[in-house]
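Please read this briefing alongside the sequence and the model.

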Amino acid sequence: MKAEIQIFGFGEAPRAAALGYVMREVIVGTEDQISQRFEGDLIAVKGAAIHGQPGAFEFAIFTKGDFKRGRSFGERHELLRAAVLAQIAYWDALKRLENALTDRKGFSDRANDDVIDAVSDLAAAGPADPYGTITEEHLRRVIDIVEQYPLED
């Protein structure tokens, strides 16, 4: 009989560790997808919800030993999926920023390019804590870009 994966709720990683399980990877999917993708003695701990994907969450996969993937996507496939999801999240966040800074009017092409460059520069600096290291001065610079290159009617 095949062992069924156990799904723990958000914040229950310490419980999985206390039971002797070790985290092996983090993947994205629904509970059903996780249950179908893996088999064996393991625990999936539910993490953050994925924006734009109803029912999808990050799951930390914990196991006591080797585990076998049921319907394996493979590590490289999972990394590609994670990169695509990150790009979609980035576009969503950029659109929300654009709407907030322009009262939903949109960026001009030049402002869009310069805001993307400003965001990339901040990301390249590698802030460990973006909430603490990205300041109002950074925001002011982005607002100045938008105001310098308004959307033309």
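In what order do the four strands of the open sheet stand, and is the pairing mixed or of one sense? The order is β1-β4-β5-β2 and the pairing is mixed, where two strands count as paired if DSSP finds at least two bridges between them. This is a predicted model, in which local features need pLDDT of at least 70 and side-chain atom pairs count only at pLDDT 80 or more, whereas totals for chains, interfaces and linings use all residues. Residues are numbered from 1 along each chain as its sequence is written, and side-chain values use heavy atoms, with hydrogens and water left out.

**Overall architecture**

- The protein has six helices and six strands, these being DSSP runs numbered from the N terminus (helices H or I with at least four residues, strands E with at least two).
- Along the sequence, these elements follow the pattern β-α-β-α-β-β-β-β-α-α-α-α.
- Of the 153 residues, 27% count as buried, on a scale where buried means under 20% relative accessible area, exposed over 50% and partly exposed in between (1.4 Å probe, protein chains only).
- Among contacts between residues at least 6 apart in sequence, 68% join residues at least 24 apart, a contact being heavy atoms within 4.5 Å.

**Phe-8 in strand β1**

- Phe-8 belongs to strand β1 and counts as buried, because its relative accessibility is 5%.
- Not counting residues up to four places away in sequence, Phe-8 touches Arg-15, Ala-16, Leu-19, Ile-43, Ala-44, Val-45 and Lys-46.
- The C-alpha atoms of Phe-8 and Ala-60 are separated by 9.7 Å, although the two residues are 52 residues apart along the chain.

**Packing of helices α4 and α6**

- The axes of α4 (residues 109-124) and α6 (residues 136-148) come within 9 Å and cross at roughly 165°, with axes taken as lines fitted to C-alpha atoms, for helices over the stretch in contact, and angles running from 0 to 180 degrees between N-to-C directions.
- That crossing angle makes α4 roughly antiparallel to α6, because angles over 145 degrees count as roughly antiparallel, under 35 as roughly parallel, 65 to 115 as roughly perpendicular and the rest as oblique.
- Helix α4 contributes Ala-111, Asp-114, Val-115, Ala-118 and Leu-122 to the contact, and α6 contributes His-138, Val-142, Ile-145 and Val-146.
- These contact residues divide into seven nonpolar, one polar and one charged, with Ala, Val, Leu, Ile, Met, Phe, Trp, Tyr, Cys and Pro counted as nonpolar, Asp, Glu, Lys and Arg as charged, and the others, Gly among them, as polar.

**The loop between α3 and α4**

- Asp-103, in the loop between α3 (74-102) and α4, has a phi near 50°, a positive value in a residue other than glycine, and is exposed, with a relative accessible area of 64%.
- Arg-104 lies in the loop between α3 and α4, has a positive phi of about 70° although it is not a glycine, and counts as exposed at 65% relative accessibility.
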